[in-house]
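Dear colleague,

Please find the structure below, handed over for your use. My findings follow it.

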Amino acid sequence: MKKEQPKLARSWKNPSRLKLIPTRNGFGEGLVEAGKADKNVMVISADLTDSTRASYFKDAFPDRFVQFGVAEQAMAATAAGMALAGKTVFIASYAAFSPGRNWEQIRTTACLQKANVKIAGAHAGISVGPDGATHQMVEDIAITRVLPEMKVLVPCDSIETRKATIAAAKMKGPVYVRFARSSSPVFTTNATPFAVGKAQVFRDGSDLAIIACGPLVYEALMAAEELSKLGIEARVINNVSVKPMDEKTIVQAAKDCGAIVTIEEAQAAAGMGSAVCEITSQHFPVPVERMGMQDRFGESGEPNELLEHFGLTAPYIVKAAKRIMKKKK
Amino acid sequence: MPSVRDIPSITDKKLHSLEKKANLIRQDVLKMLREAGSGHSAGPLGLADIFTSLYFHVLKHDPKKPGWSDRDRLLLSCGHVVPIRYAAMAHAGYFPKKDLMTLRKLGSKLQGHPEVTQMKSLENTSGPLGDGGPQSCGMAYVAKADKLPWHTYCVLSEGDLEAGITWEAAMFAGKNNLHNLTWIIDRNNIQIDGYTEDIMPLEPLADKFAAFNWTVIEIDGHNIMQFVDACRYAQTIWENPVVIIAHTVPGKGVDFMEFEPGWHGKPPGSDELRDALRELRTLGGTIESESE
């Protein structure tokens, strides 16, 4: 048996003993910490203050909170104006609207100007649940990672989302932080390493690599435990920093494991998994299966039903792992 | 309340010098566009009197210290008219006039649409219509909240006013009483596809802004006295943001360009440049050699 990585919560293998907290809560907590550390941090909300958890910041720093109403385009450009006047500005909405609706403003006024605008995309992925496809943003990773100057962070639980939010505030330039609506297991700790530009190996193994981001990292870990019972040791990588991506860790995984499964709660096209392929195809080509939304929209349902329906849970990862193992050279 | 520098009233002597300066700046705009071989002619010429007034009378600024923190902020929303801004800035001393001839060329700071990363004193990047208004709101919001002693100006075109984002920003400015913000609308009634009132009528424009809780001033955009007075008046308003609707003639100063939508988005050829310069020099009261 491989030695367990000492990075995760002690009882990470036992879901019933883990707290279930939405990643958005970590965003709210991170905002407050960022606001304490730097009085130039401001937050703008487009009428979704409570559900994005921007409300934590509003309560702590009412003078630095701005209510914009349902106007995501002007919100993004106004944030850029504030940034050019010296502020670090988070804009909080649902990912479908920001960066969905206001992509051009983010491109021109945040990225091209290298402005200190941080886009907080709440309710990303299909685990939004009953609200349905209009609100289940699954194209956001694709449209943000392609932007020059933009950094893209997809944290795996509420603790990591807090860290990512604080890191975003400290970084220069535009950052996209993606998080989710529904509760998910808190399996990292305050001591789990986090750094922009770094992928974390959460479980070692060299039969294949499962590279995941967001709350599905936990599904990847559960799948790895199942595979282990079959004698297959999977390396599980938390690819939180979708951009800049940790080329070294990805290439090492390709070399050591020879096959990769990627999984994300987003379009498989042009997402995190595609970015992994961009790296491996150039440096060390190996078979990759990209799990995610396969060129289709979501629909209404309970979060867990939807993850099951779209094949994004541990049993499906196990199947994908077996498929990719057969393609190994 | 932040103290904003009073804009002085204008003397006859200053008025004449500004008119002359505007004429010279127009000439440079045409030469730049000819050299670049692409770009917009009508809008920049129509805004020459306003940009000359801004850089040589209205704005609190120092070309030798472009990063001065207390400078007034002048943003452009309609990035396509940037040649007039470049020409006015060169005349004001921000960079050598010879640089104007690098407009739109590889490696130039004078990008086809303004880029603040190339030149900090441009204040903002613009081109996609509608993005300047909200950026000016963001700056004015910070200045008001932090009691900073500068004023924010933003020049917008009619195309900007067809974009919904501009009205989102107008709502925000009205809600937050951004009295330290002045928008200047270039109301020249042309855009690429034709006459604005045919393409998407904006009237009643003054009523629209008033309904968004703005104070509205309408002026002749070629009357420097009126423009300066409007900017002076805007500084006395403490309740609302102010919009100056400046009625301008597209292509102003060059007879064959005036009011012609065809001149919105193209530069002069060499014969056209010669004719245009001759006309402007005559307007300026000085007949100069064509070979100059």
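Helices H1(B) and H4(B) are oblique to each other, a term for any angle that is not under 35 degrees (roughly parallel), over 145 (roughly antiparallel) or 65 to 115 (roughly perpendicular). This is a predicted model, in which local features need pLDDT of at least 70, side-chain atom pairs count only at pLDDT 80 or more, and totals for chains, interfaces and linings use all residues. Residues are numbered from 1 along each chain as its sequence is written, while chains are lettered from A and ligands numbered from 1 in the order in which they are written.

In chain B, H1 spans residues 12–36 and H4 residues 82–92; they pack at about 125°, with axes 9 Å apart. Axes are lines fitted to C-alpha atoms, for helices over the stretch in contact, and angles run from 0 to 180 degrees between N-to-C directions. Helices (H or I, at least four residues) and strands (E, at least two) are DSSP runs, numbered from the N terminus.

On the H1(B) side, Lys21(B), Ile25(B), Asp28(B), Val29(B), Met32(B) and Leu33(B) take part in the contact (C-beta atoms, placed from the backbone, within 7 Å), and Pro83(B), Ile84(B), Ala87(B), Ala88(B) and His91(B) meet them from H4(B).

Chain A holds 12 helices and 14 strands. Its C-alpha atoms fill a box of roughly 55 × 40 × 35 Å along the principal axes. Of the contacts in chain A with a separation of 6 or more, 80% join residues 24 or more positions apart.

Yours sincerely

Definitions and conventions
Two residues are in contact if their C-beta atoms, placed from the backbone, lie within 7 Å.
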